[in-house]
Amino acid sequence: MPITLDKPTADAIDRFITRCRVECGMAANTLTAYRSDLEHFFDCCLVPVAQVTPAHIRAYIAGSPNGAATKKRWLACFRQFFRFHGNDAAQQVEVPKQEQRLPKPVRTDKVQEMIDATTDTGERLVLELLYGCGLRASELATAKMQGDMVRVTGKGAKDRLV
C-alpha cells in the first residue's frame with residue numbers, strides 16, 4: 001500500500017532531510033532510512049507534526065515486531081526530526097533496551113594461521129601482542145615499551161604491564 005502524506009507533513013520531512021544532508025552531512029543510506037521511517041510513522045499515526053505526543057511514538061514503537069536496534073534507530077530519527085520542528089515529544093520516550101551480545105573468540109588455529117601467513121615482522125608483532133596479551137586495538141595503539149615489558153592503558157585509564 002503506497003504511503004500518502006499530506007503536503008505539510010511531506011514538506012516537513014523534506015526540510016528535515018535537506019538539513020540532515022546539508023548541515024549534518026549524513027550518508028545517503030541514513031537519509032533514505034530516515035525518510036522511510038518518518039513517512040511510515042506519519043502514514044500510521046495520521047497526526048500533524050506539531051500534535052504528535054510521546055504516546056503516539058511509544059505506541060508506534062511498541063506495536064512493531066522489529067528488533068530493538070531498528071526501534072533505537074527510529075527513536076534517534078524521531079528525536080532529531082521533532083526537535084528540528086520544535087516538538088519535544090520524542091525526547092520523552094525511552095530508548096528500547098538492546099540485547100547485549102558477547103564477542104565470539106577467534107579459534108587458536110585461525111590466529112596461528114594469520115601469524116604464520118604474515119611475512120612482515122612488525123605485523124607479526126602486532127598480531128602476537130593483540131592475541132598473546134589479550135589487548136584491545138585501542139590499547140595497542142597507545143602501548144609503550146618499558147624495558148622488556150609493554151605498558152598499556154585499558155578501560156578506565158588503568159595501566160598494566162604485559
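Colleague: Sheet first: which residue stands opposite M145 in strand 2?

Modeller: V150 stands opposite M145. Before we go on, this is a predicted model, so local features need pLDDT of at least 70 and side-chain atom pairs count only at pLDDT 80 or more, while totals for chains, interfaces and linings use all residues. Residues are numbered from 1 along each chain as its sequence is written, and side-chain values use heavy atoms, with hydrogens and water left out.

Colleague: Fine. How many bridges join strand 1 to strand 2, and do they run parallel or antiparallel?

Modeller: Three bridges, and the two strands run antiparallel. Strand 1 covers residues 144-146 and strand 2 covers residues 149-153. Strands here are DSSP runs of E, at least two residues long, and helices are runs of H or I, at least four, numbered from the N terminus. Two strands count as paired if DSSP finds at least two bridges between them. K144 is another one to look at, with R151 as its bridge partner in strand 2.

Colleague: What pairs with strand 2 besides that?

Modeller: Strand 3, residues 159-161, pairs with strand 2 in the antiparallel sense, over three bridges. T153 stands opposite D159 there.

Colleague: What's the strand order in the sheet, then?

Modeller: It's an open sheet of three strands in the order 1-2-3, with antiparallel pairing. Strand 1 and strand 3 are the edges, each pairing on one side only.

Colleague: Which residues take a positive phi in the hairpins?

Modeller: In the hairpin of strands 1 and 2, with two residues between the strands, G147 takes a positive phi near 70°. In the hairpin of strands 2 and 3, with five residues between, G156 takes a positive phi near 70°.

Colleague: And which face of strand 2 is covered?

Modeller: The one with V150 and V152; M149, R151 and T153 are on the uncovered face.

Colleague: Changing topic. How many aromatic pairs are there?

Modeller: The count comes to 13. Rings of Phe, Tyr and Trp (its six-membered ring) pair if their centres lie within 6.5 Å; planes under 30 degrees apart are stacked, over 60 edge-to-face, and the rest tilted. One of the pairs is F16 with F81, edge-to-face, at 5.3 Å centre to centre and 85° between the planes. That pair links distant parts of the chain, F16 in helix 1 (residues 7-22) and F81 in helix 4 (residues 68-84), 65 residues apart.

Colleague: Are those two buried or exposed?

Modeller: F16 is buried, and so is F81. Buried means under 20% relative accessible area, exposed over 50%, and partly exposed in between, with a 1.4 Å probe and protein chains only. F41 and F82 also make an edge-to-face pair, at 6.1 Å centre to centre and 80° between the planes. F41 is in helix 2 (residues 28-45) and F82 in helix 4, so this pair ties together parts that are 41 residues apart in sequence. Both F41 and F82 are buried.

Colleague: Which residues form the aromatic cluster?

Modeller: One cluster takes in F16, Y34, F41, F42, Y60, W74, F78, F81, F82 and F84.

Colleague: Last one, R35. Where is its place?

Modeller: In helix 2. R35 is partly exposed, with a relative accessible area of 27%. R35 and A10 are 25 residues apart in sequence and 9.7 Å apart in space, C-alpha to C-alpha.
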